[in-house]
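Have a look at the picture first, then come back for the details.

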Amino acid sequence: MKLLTQRALALKLKAQGIEGSDLLTSIDTVAKEVLAVQPDLRPHAAPDGTVTIMFSDIEGSTSMADRLGDSRFMDVLREHNAIIRDQIKAHAGFEVKSEGDGFMVAFQSARKALACASAIQKALGERNGMVDEPVRVRIGLHAGEVIKEGEDFFGRNVIMAARVASQAHGGEILASSVLKALVEGSDVSWGERRTVELKGLSGDHEIWLVDWSGS
């Protein structure tokens, strides 16, 4: 029965664009584990039923670990995790799952999610200016009705957020067009629009760079 359950999960994840051989980043690992468990995010939804999802990880963490060695990398990782968690708490986020340097966080408010992402990048920028080993984090955000009945709603929106984050480079924040529309009229500064293909999701998708330096 356990083998059948694992096979069913593997087939479902494959249909959503995640295969075992694809798990090369912490974002993929966190997304896979969240999809397997499907935690209840209803307490973290906005009144309209939407939840804003943020994924993040350290760019090049595997090569960093190889270069620094286990002990020093763990010191860097603990510092990184403390910065992420401080900002999650300050912006009323909920840590859904973390694994290594990867995080998935849920927010009731899209604006608070963007503010949190910007604050993370600013805090890391300040930290990087004072140390020899910089940490460059990539962040992606998407909003959707992940609390609706049925696995398709949950899975698609988690995958979308993870794939948006995977498109980012270290030091960047990217947002889906859905999230951008939710905060239209706010004082968020936007950078370039990118049209990309996202694995496991059909068609082209517009994602937007967030100009966090001025926010």
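How many bridges join strand 1 to strand 4, and do the two run parallel or antiparallel? There are 8 bridges between strand 1 (residues 51–58) and strand 4, and the pair runs antiparallel. Keep in mind that this is a predicted model. Its average pLDDT is 85, and 85% of the residues score at least 70.

**Where to be careful**
- Residues 1–11 have a pLDDT below 50, and beyond near neighbours in sequence this stretch makes 1 contact in the model.
- Residues 18–23 are also below 50 in pLDDT, but here the model has 16 contacts beyond near neighbours in sequence.

- Strand 4 is mostly covered, with 8 of its 8 residues buried.
- Val 137, Ile 139, Leu 141 and Ala 143 point one way from the strand, while Arg 138, Gly 140, His 142 and Gly 144 point the other way, and all of them are buried.

**Salt bridges**
- The count for the model comes to 13 salt bridges.
- One of them joins the side chains of Glu 133 and Arg 67, at 2.3 Å from N to O.
- That pair ties together distant parts of the chain, 66 residues apart: Glu 133 is in the loop between helix 5 (110–128) and strand 4 (137–144), and Arg 67 is in helix 3 (residues 61–68).
- Glu 133 has a relative accessible area of 12%, so it counts as buried.
- Asp 75 and Arg 78 form another salt bridge, at 2.6 Å from N to O.
- Both of these residues belong to helix 4 (residues 70–90), and they are 3 residues apart, about one turn of the helix.
- Asp 75 is partly exposed, because its relative accessible area is 42%.
- Arg 193 and Glu 206 meet in a salt bridge too, at 3.4 Å from N to O.
- Arg 193 is partly exposed at 49% relative accessibility, and Glu 206 is partly exposed at 33%.
- Finally, Glu 172, Glu 192 and Arg 194 are connected in a network of salt bridges.

Key:
Residues numbered from 1 in each chain as written. Predicted model: local features only at pLDDT ≥ 70, side-chain atom pairs only at ≥ 80, totals over all residues. Heavy atoms only, no water. pLDDT = per-residue confidence, 0-100. Contact = heavy atoms within 4.5 Å. Salt bridge = Lys/Arg side-chain N within 4 Å of Asp/Glu carboxyl O. Helix = DSSP H or I, 4+ residues; strand = E, 2+ residues; numbered from the N terminus. Buried < 20%, exposed > 50% of the residue type's maximum accessible area, 1.4 Å probe, protein only. Pairing = 2+ DSSP bridges.
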